[in-house]
Amino acid sequence: MSSRVSSLQITQQTEGFNVRLKRLPPTMIIGGVILIIFLVIAFTAQVWAPYPAAKTGTGRPFENPSSKHLFGTDQLGRDVFSRVMLGTRIVLTLSLSSTLLATILGGLLGLSSGLIGGWFDQLIMRLVDIMISIPFLVLALLIIASAGPELSGGYFLIILAVAIVYTPRITRMARSVAIDLKTRDFVTVARARGESTLSIVWHELLPGATSVLLVEFGVRAGYAPIFIGSLGFLGFGVRPPTPEWGLMISENRSAIVSAPAALFSPGLALALLVVGLNLFTDGLARVLGRTVRPGA
Amino acid sequence: MNIVIKTILSRVFLAILTLLAVSMFIFWAAEVLPGDIAARVLGREATEEAKQAFRERLNLDRPVHERYLIWLSGAVRGDFGHALASQRSISEVVGPRLKNTIFLALYAFILYVPITVFLATISALNRERPLDNAISLLTLIGLSLPEFVIGTLLIYIFAVNNPIFPVMANVQRAKSFWDAVRMTTLPAITLTIVMAVYSVRMLRDNLIEVLESDYVRMATLKGLPRWRVVFFHALPNALVPALNTMALNLAYLIGGVVIVEQVFVYPGLGTQLVEAVFLRDAPVIEAIALLVSLIYISANLFTDIFSILSNPRLRTG
């Protein structure tokens, strides 16, 4: 008897899931498929990539695409197809970890700032204003310039720079949610129960802020590959011979006449990843009943 | 006192305070955080006397707050000191670069406004039809392409395959004004694409909303020609909320210019900043970062003032 009930519940649940899957916005499904492909490449490329990323002399320099080198070769005769595929993991790791760090930091700071109010809120908001008043790329370059030589070219510095640029923007967003929520009864009750500030942020505010933070995460993550690629293109990203796409585009610029595939294939990969992330976020925002504001 | 003037004055005051705080942050990040500048510039092998002489010349032996005040009082008068690498006066090095960057930014902005209005109007008038869909697909593609990919594509199409424009935009060598314009065209178009992508969609949505309003229907029923209705009745009202994005884009321009200049090797503030970060040339980094932030904060301030002035509720109060 009991097993029948539970199986009934399960069918109901799966039906509900199917219905919801059908109602998912098409943008979310297309974006999701693109993201899954990139994730699969990121996790498996080590196994099937034809050549190691840094192996030089796999062909002549600046070869055009052929069956042996699908995207041609670069200046040092490295296989561009292998480098683009193997670079997927690096770009995804850098983009997602920096955005995640910023969302956690900004979420906690913004929610507690809005909840506590007073001078603490004033202080945090003025700091946010200062950080936002410096154009984001200039701020990132300032952070990179201030780091010592032992940090430059490392993953840590790039993640830190992107996270520091994103955090104040997310903080502002989270704060406005906290201000909206903090006058509600459940927060008043929690306060009356004598819960600590951190506990109220965690148990009472975070559930209400989840959808805002998720969409914010998606929007920022959608721009992060471009941001990180820009730093790589300028020469402030990861060190060569790491196959980061922005760095590859900058390295292969001299191929623009003889082997343009070496230059444009990392650009295409970057654009596809960003399209995937943006479509998925757009769908997610619709499911959660929010609108995505580009830019800002 | 009039409430509008009061609000505007308080915004100006706030902007000055923000700029002051930003200058502290920039000074701290470029000069205090990296540690011993003397050792970094002169190398580890430098003798203690040489380092000491270097510190004295740059006032590095003074306390931080004194150094900041000396730097700030110079900066206000346009004197940013000397570059560490070239020993030249910074205002002399940065001045022409700033002029070039402003030239590029102005060119891009002049292209950007009419292109955005044109594309958005076409989109809104052909709503949900193939032309509208094609334009929104194009904006989606543009949205996911970074500046350095768009710029490189443009070089590939218009400089390598069809040599209409030069690959590098060395405007220092331009023979005439029109030669400089020709050199700056591709970088300006790159910036225009990136900015237009953000605002075409928004202006289109505003325009559609306005086109469905009663007063536009009234104008149509009055028998006015379609173009008159669109350009003189609908567009002005759709533009006002979009102006905010346009001003924000002006602020973006100042940052995005760094990458575009690098793509085209354009001798502007951006390439200078990248070079200075490579050399860890703190005085140059400070000067450019402060200048760029000043432009950014002023652009935001003017947007603020404009929206205050265009808000009738504040005007009557």
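Predicted model: local features only at pLDDT ≥ 70, side-chain atom pairs only at ≥ 80, totals over all residues.
Residues are numbered from 1 along each chain as its sequence is written, and chains are lettered from A, with ligands numbered from 1, in the order in which they are written.

Chain A has 10 helices and 0 strands, where helices (H or I, at least four residues) and strands (E, at least two) are DSSP runs numbered from the N terminus. Read along the sequence, its pattern is therefore α-α-α-α-α-α-α-α-α-α. Taken along the principal axes, the C-alpha atoms of chain A fill a box of roughly 75 × 60 × 30 Å. Of the 296 residues in this chain, 53% count as buried, a class that means under 20% relative accessible area, with exposed being over 50% and partly exposed in between (1.4 Å probe, protein chains only). With a contact taken as heavy atoms within 4.5 Å, 71% of the contacts in chain A with a separation of 6 or more are accounted for by residues 24 or more positions apart.

Chain B has 13 helices and 0 strands, and its C-alpha trace spans about 85 × 65 × 35 Å along its principal axes. Buried residues make up 48% of the 317 residues in chain B, and among its contacts between residues at least 6 apart in sequence, 72% join residues at least 24 apart.

Accessible areas come from the Shrake-Rupley method with a 1.4 Å probe, and for residues only the protein chains shown count as cover. The accessible surface of chain A comes to about 13,600 Å², of which 68% belongs to carbon and sulfur atoms, while chain B exposes about 16,100 Å², with carbon and sulfur atoms supplying 66% of it. For the charges, Lys and Arg count as positive and Asp and Glu as negative, with His and the chain ends not counted, and the place of a charge is taken as NZ of Lys, CZ of Arg, CG of Asp or CD of Glu. The mean positions of the 24 positive and 15 negative charges of chain A are 3 Å apart, and those of the 27 positive and 23 negative charges of chain B are 9 Å apart.

On chain A, Leu100(A), Ile104(A), Leu108(A) and Trp202(A) make a nonpolar surface patch of about 420 Å². Patches are made of residues with over 30% relative accessible area and no salt bridge, like charges being joined within 9 Å and nonpolar side chains (Val, Leu, Ile, Met, Phe, Trp, Tyr) within 5 Å. Helix α3 (residues 80-116) of chain A gives the most to this patch, with 3 residues. Leu108(A) is found in helix α3 and is partly exposed, with a relative accessible area of 39%.

Side chains of opposite charge can pair when their charged atoms come close. A salt bridge is here a side-chain nitrogen of Lys or Arg within 4 Å of a carboxyl oxygen of Asp or Glu, and the count comes to 20 salt bridges over all chains. In one of them, the side chains of Glu251(A) and Arg83(A) meet at 3.6 Å, N to O. Glu251(A) lies in helix α9 (residues 245-251) of chain A and Arg83(A) in helix α3, so the pair ties together parts that are 168 residues apart in sequence. Glu251(A) counts as partly exposed at 22% relative accessibility, whereas Arg83(A) counts as buried at 0%.

In chain B, Glu31(B) forms a salt bridge with Arg67(B), the closest N and O atoms being 3.1 Å apart. Because Glu31(B) lies in helix α1 (residues 3-32) of chain B and Arg67(B) in helix α4 (residues 64-76), the pair ties together parts that are 36 residues apart in sequence. Both Glu31(B) and Arg67(B) are buried. Returning to chain A, salt bridges that share partners join Asp74(A), Arg78(A), Arg83(A) and Glu251(A) into one network.

Definitions and conventions: Heavy atoms only, no water.
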